[in-house]
Amino acid sequence: MKPVRFDDIAEAVIQTEGRTRRAQILSCSVPGCDCKMEIAINESRKPPDVILNIARRKGWDINEGKRIFRCPEHRKDAKVTTKEADVRQPTREQRRAIFREIDDNYSGRAYVAGVTDKSIGEKLKCPWAWVKDIREENFGPAGLDPDLQAAITKAAELEAKIAKMETEALAAFEGSVRQIGEVAEQLKAVKATLLRFAS
């Protein structure tokens with residue numbers, strides 16, 4: 001089976017909530033169906049397998065070998081799964097609310113301190129998996145909580161400081177041993193002199 005190529009997934013410039021963005025678009029293969037799934041392009045295009053995995057989570061039927069992509073409404077087992085897919089998917093208003101909440105709490109390539117997919121889901125009273133999908137499609141990775149990242153960085157700094165102190169202590173110890181040896185040699189010489197006087 002040949003893997004799906006970038007050529008199998010279209011690209012377009014899209015206006016969303018007053019923002020212009022590039023997106024990769026997966027279209028339903030069923031003739032006459034206008035259903036599309038948009039995945040925002042941040043710094044670079046997402047690999048086709050990532051896009052197909054997102055589509056599967058959204059209820060799409062993916063046949064990579066035949067290059068057939070069916071939306072939840074037209075998948076082979078639509079009678080069984082369409083209703084389930086509808087339950088999993090947010091409404092347009094819910095998507096907008098989630099998008100705005102993420103946009104207000106996303107900085108650079110991560111959430112601001114104390115914010116996660118789960119906390120946004122709890123605030124908006126929606127499944128945090130919806131938040132995760134919209135964040136991955138339009139913004140990027142969740143990143144580590146800044147407080148957690150700060151703790152990890154501090155721990156690394158302290159470990160480096162301890163290693164430096166151990167090295168310095170060992171060097172000081174070795175220096176002290178050398179000094180003791182030198183003084184011992186001096187004492188030995190003095191005692192030898194005393195023995196000569198005694199004899």
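What is the volume of the second largest pocket? In this predicted model, the second largest pocket has a volume of about 210 Å³. I shall begin with this pocket and then turn to a pair of helices.

Let us look at the lining. Fifteen residues, written 15 in my notes, line the second largest pocket. Those nearest its centre are Arg19, Asn42, Tyr106, Asn138 and Phe139. Two elements give two or more residues to this lining: strand 2, residues 19-27, and helix 3, residues 92-104. Strand 2 provides the largest share, with four residues.

I now come to the helix pair. Two packed helices are described by the angle between their axes and the distance between the axes. Here the pair consists of helix 4, residues 117-124, and helix 5, residues 128-138. Their axes come within 8 Å and cross at roughly 120 degrees. Because of that angle, helix 4 is oblique to helix 5. The crossing of the two helices is right-handed.

Which residues of helix 4 and helix 5 meet? On the side of helix 4 they are Asp117, Lys118, Ile120 and Gly121. On the side of helix 5 they are Trp128, Val131, Lys132 and Arg135. Sorted by class, this contact between helix 4 and helix 5 holds four charged residues, three nonpolar residues and one polar residue.

To close, please find two places in the structure: the pocket lining, to which strand 2 gives the largest share, and the right-handed crossing of helix 4 and helix 5.

How values were computed:
Residues are numbered from 1 along each chain as its sequence is written. This is a predicted model: local features need pLDDT of at least 70, side-chain atom pairs count only at pLDDT 80 or more; totals for chains, interfaces and linings use all residues. Side-chain values use heavy atoms; hydrogens and water are left out. On a 1 Å grid over the protein atoms alone, a cavity is a set of points where a 1.4 Å probe fits but cannot get out, and a pocket is an open set with protein on both sides within 12 Å along at least five of seven lines; lining residues have an atom within 4 Å of a point. Grid points are joined across faces, edges and corners, and a volume is the space filled by probe spheres set on the points. Axes are lines fitted to C-alpha atoms, for helices over the stretch in contact, and angles run from 0 to 180 degrees between N-to-C directions. Angles under 35 degrees count as roughly parallel, over 145 as roughly antiparallel, 65 to 115 as roughly perpendicular and the rest as oblique. A crossing is left-handed if the near helix is turned anticlockwise from the far one by less than a right angle, and right-handed if clockwise. Contact means heavy atoms within 4.5 Å. Ala, Val, Leu, Ile, Met, Phe, Trp, Tyr, Cys and Pro count as nonpolar, Asp, Glu, Lys and Arg as charged, and the others, Gly among them, as polar.
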